[in-house]
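Here is my notebook for today. I opened a new model and wrote down what I looked up, one topic at a time.

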Amino acid sequence: MSQRRTFFEQVNAGFDRAVAMTDHDPRLLTQIRECNSVYHVTFPIKRDDGSIEAIHAWRAEHSHHKLPTKGGIRYSEHVNEDEVKALAALMTYKCAIVDVPFGGAKGGVKIDPRKYSVRELERITRRFTYELKNKHFIGPGVDVPAPDLGTGPREMAWIVDTYNSLSSGELNSLACVTGKPVALGGIRGRTEATGRGVFFGIREVCSLEEDMKALGLATGVEGKRVVVQGLGNVGYYAARFLQENGAVLVGILEYEGAIASPKGLDLDGVVAHRKETGSILGFPGATDIPTSRDGLELDCDILVPAAIEQQITDENAPRVRAKIIAEAANGPTTFSADKIFRERGVLVIPDAYLNAGGVTVSYFEWVKNLSHLRFGRMQKRYQEASNLRILSAIENQTAKSFTEDEIEKFGRGAGEEDLVNSGLEETMALAYLQIREIKLRYGNRADLRTASFINAIDKIAWCYKDMGIFP
Ligand code: NAD
């Protein structure tokens with residue numbers, strides 16, 4: 001059954017499971033569930049060898065209950081309309097869960113970026129931006145893309161540059177896209193944000209003794225055995241923050257296969273090895289596993305799928321040995337695999353909550369662009385001076401004399417990155433408390449995914465009710 005559900009149907013199955021526990025007007029629920037608009041465009045690009053190729057691209061805006069809509073653009077050969085709609089829907093719920101004031105959107109270009117030169121990728125990105133602008137599917141108050149699978153700050157730089165050239169003099173044009181390089185209006189901490197948010201989310205979950213006890217695990221991240229699938233932006237930073245905080249990275253899964261070591265893998269060593277040899281396989285001291293999919297079944301406490309969707313299905317879910325599935329990617333677990341995990345008592349931390357760090361910091365970047373002011377610029381020195389006055393008062397009143405290091409540590413004012421990371425930490429912690437509270441309120445009927453959906457649906461429903469559209 002699960003294999004026949006499309007990705008959008010999988011997301012909607014989760015939605016339907018949650019709404020069955022609410023008493024919202026069914027007409028309102030239909031409005032929330034449907035994807036509001038989809039733009040499919042085909043445009044020609046000239047390859048470096050002079051040939052012409054037709055490129056297919058999509059932008060889906062799932063919900064306009066808040067504007068702008070927000071969501072990444074992915075470059076992948078698997079992109080299709082259903083996938084873009086599913087990912088846009090997840091963005092709607094994600095934004096609501098972390099109280100980021102956007103509707104959900106997503107874009108995709110159906111190409112394997114590894115098969116195109118940088119110049120070709122630039123032509124594709126600029127042309128897609130032009131098409132989006134032409135049809136009003138991009139703009140600071142309309143729809144704001146960001147990086148996703150296969151895209152990053154470079155593509156966002158091309159997008160903002162193209163948008164700027166098409167909107168001469170538009171005061172807020174920098175806010176048309178997020179995830180930009182810092183020199184082009186980006187924000188410090190955005191590159192790491194999704195992975196850092198994944199870490200914060202896992203840390204929150206692992207901090208609750210009662211919940212860990214139920215899984216037969218000790219409290220805290222330290223010592224937890226972790227397997228990460230996908231060493232891209234999200235997977236790499238999630239692995240890095242987990243490892244820095246004492247988790248043991250016992251497995252890494254990539255396109256070409258998987259590697260395992262019960263004693264732990266040195267993340268940066270693996271990255272360097274892959275750069276040198278083109279593969280994670282053959283890493284000294286690790287065992288090679290032929291496929292990424294087999295690696296999902298490695299013995300560990302936390303499995304972090306951080307690559308692509310539909311990796312854990314009802315076929316392999318019974319053999320997954322992790323006690324916690326931390327969904328860093330969007331949609332890695334199918335609806336029926338989720339059911340198996342509920343029955344087996346495996347804790348799934350859902351994507352719509354766990355990978356929301358990216359959109360949270362994108363929101364900060366958007367606000368920065370609209371305010372035309374770097375966070376911390378006004379108060380950093382002021383805060384430093386007050387901190388130093390306090391330290392000096394303590395020294396005067398006590399026998400204590402602070403060392404240079406202590407003065408640097410306690411006296412420092414908060415800069416942009418400190419504020420971004422602090423805002424992200426607060427967001428992830430608060431959102432988890434809300435979800436967990438809903439889960440407890442519904443007893444055994446709601447898992448974390450269902451609780452996240454209920455949380456999001458309630459918040460979106462309030463918007464429509466406050467507009468007087470639905471009773
Ligand atoms: P990325 O392109 O930077 O990295 C993806 C990595 O996964 C690559 O290293 C790729 O080789 C690997 N990969 C692809 N297929 C694989 C497979 N079958 N097995 C093992 N590895 C595989 O992409 P990303 O930005 O890190 O995104 C990863 C996931 O996180 C996606 O689901 C994306 O939608 C989601 N996400 C990303 C962001 C963000 O800010 N970038 C935010 C929220 C969610």
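Between which two elements does the loop with His 136 lie? I found His 136 in the loop between α4 and β5. Helices here are DSSP runs of H or I with at least four residues, strands are DSSP runs of E with at least two, and both are numbered from the N terminus. I also noted that phi of His 136 is near 60 degrees, a positive value in a residue other than glycine.

A note on the ground rules. This is a predicted model, where local features need pLDDT of at least 70, side-chain atom pairs count only at pLDDT 80 or more, and totals for chains, interfaces and linings use all residues. Residues are numbered from 1 along each chain as its sequence is written, and side-chain values use heavy atoms, with hydrogens and water left out.

**Entry: a cis bond**
I looked up Pro 68 next and placed it in the loop between β2 (52–61) and β3. The peptide bond that leads from Leu 67 to Pro 68 is cis, and its omega is near 0 degrees.

**Entry: the sheet of 5 strands**
I traced an open sheet of 5 strands in the order β1-β2-β4-β3-β5, and its pairing is mixed. Two strands pair if DSSP finds at least two bridges between them. At the edges I found β1 and β5 (143–147), each pairing on one side only. On average, neighbouring strands of this sheet are turned by 20 degrees against each other, direction ignored; the axes are lines fitted to C-alpha atoms, and angles run from 0 to 180 degrees between N-to-C directions. I then followed β3 (residues 69–75), which pairs with β5 in the parallel sense over 5 bridges. Ile 73 stands opposite Pro 147 in β5.

**Entry: the sheet of 7 strands**
I found an open sheet of 7 strands, ordered β9-β8-β7-β6-β10-β11-β12, with mixed pairing. Its edge strands are β9 (287–289) and β12 (347–349). The twist from one strand to the next averages 20 degrees. Strands β6 (residues 225–229) and β10 (residues 302–305) run parallel and are joined by 4 bridges. I checked Val 227, and its bridge partner in β10 is Leu 303.

**Entry: aromatic rings**
I counted 14 aromatic pairs in the structure. Rings of Phe, Tyr and Trp (its six-membered ring) pair if their centres lie within 6.5 Å; planes under 30 degrees apart count as stacked, over 60 as edge-to-face and the rest as tilted. Phe 43 and Phe 128 make a stacked pair, 6.4 Å centre to centre with 25 degrees between the planes. Phe 43 lies in strand β1 (residues 37–46) and Phe 128 in helix α4 (residues 118–134), so this pair ties together parts that are 85 residues apart in sequence.

**Entry: the ligand**
What surrounds the ligand, and which residues are closest? I found 24 residues around the ligand, the closest being Asp 148, Thr 194, Glu 254, Ser 292 and Asn 330; a residue is near if one of its heavy atoms lies within 4 Å. A polar side-chain atom of Thr 194 lies 2.7 Å from an oxygen atom of the ligand, and one of Arg 190 lies 3.4 Å from an oxygen atom of the ligand. For Gln 229, a polar side-chain atom lies 3.5 Å from a nitrogen atom of the ligand. A polar contact here is a pair of N or O atoms within 3.5 Å.

Notes: Polar contact = N/O pair within 3.5 Å; in protein donor to acceptor, adjacent residues only side chain to side chain.
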